[in-house]
Amino acid sequence: MQAILLIQTASPFNQAKAREALDLALALAAVEHQVSMLFQDDAVYQLLPPADNPTDAPAPLKAFQKSFGLFALYDIGPCLVCQQSLNSRGLAELVLPEGFRLADSAQIRTAMQQADQLIRC
C-alpha cells in the first residue's frame with residue numbers, strides 16, 4: 001500500500017479536470033492505497049457551497065461536497081486546504097467541509113515528504 005498525495009489545483013469551472021481528480025482519489029482508495037488530498041490554487045473554489053457560486057460564473061458549479069462525503073467511507077485523508085490559496089482568493093473565512101483542515105506551507109511540505117507518490121491534478 002502506497003501513501004499517495006493528490007494535489008488538486010483545478011478550478012471547478014474546469015469541471016472535467018476537477019471531477020476526474022475526485023474520481024481518481026476514490027479509485028486509488030478503492031484499491032487500498034492510502035490517499036490524502038491537498039486543495040491548492042484555484043481548487044479551493046471547489047470548497048464553496050453551491051449557494052455561494054458567483055452569479056457571473058461561466059457555468060454553474062457542481063456540488064463537490066457530495067463527493068467529499070464519500071471520503072470517510074473510502075478512508076481518504078487527511079484533506080488539506082492551502083491557507084495561502086484561500087487568503088489570496090479572499091476566502092480566508094470559508095467554512096471548510098467536515099474532515100478538511102487548513103495547512104500552512106510547512107504542513108504542506110511535511111505532507112509531501114511523507115507521501116510515497118505525489119500526483120498533481
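Guide: Let us begin with a definition: helices (H or I, at least four residues) and strands (E, at least two) are DSSP runs, numbered from the N terminus. Please keep in mind that the model is predicted.

Visitor: In which loop does Asp-41 lie, and is Asp-41 buried, partly exposed or exposed?

Guide: Asp-41, which has a positive phi of about 55° although it is not a glycine, lies in the loop between β2 and α2. Buried would require under 20% relative accessible area and exposed over 50%. Because its relative accessible area is 33%, Asp-41 counts as partly exposed.

Visitor: What is the phi of Glu-32, which is not a glycine?

Guide: Most residues other than glycine have a negative phi. Glu-32 is found in the loop between α1 (15-30) and β2 (34-39), and with 62% relative accessibility it counts as exposed. Although Glu-32 is not a glycine, its phi is positive, at about 70°.

Visitor: Which peptide bond is cis, with omega near 5°?

Guide: Most peptide bonds are trans. Pro-78 has its place in the loop between α2 and β3, and the cis bond there is the one from Gly-77 to Pro-78.

Visitor: Which residue of β4 is the bridge partner of Val-81?

Guide: Strand β3 (residues 79-82) pairs in the parallel sense with strand β4 (residues 100-103), over four bridges. Together with helix α3 (residues 83-88), these strands make a right-handed β-α-β unit. Within β4, the bridge partner of Val-81 is Leu-102.

Notes
Residues are numbered from 1 along each chain as its sequence is written. This is a predicted model: local features need pLDDT of at least 70, side-chain atom pairs count only at pLDDT 80 or more; totals for chains, interfaces and linings use all residues. Side-chain values use heavy atoms; hydrogens and water are left out. Two strands pair if DSSP finds at least two bridges between them. A crossover is right-handed if, with the strands pointing away from the viewer, the path from the first strand over the helix to the second runs clockwise. Buried means under 20% relative accessible area, exposed over 50%, partly exposed in between (1.4 Å probe, protein chains only).
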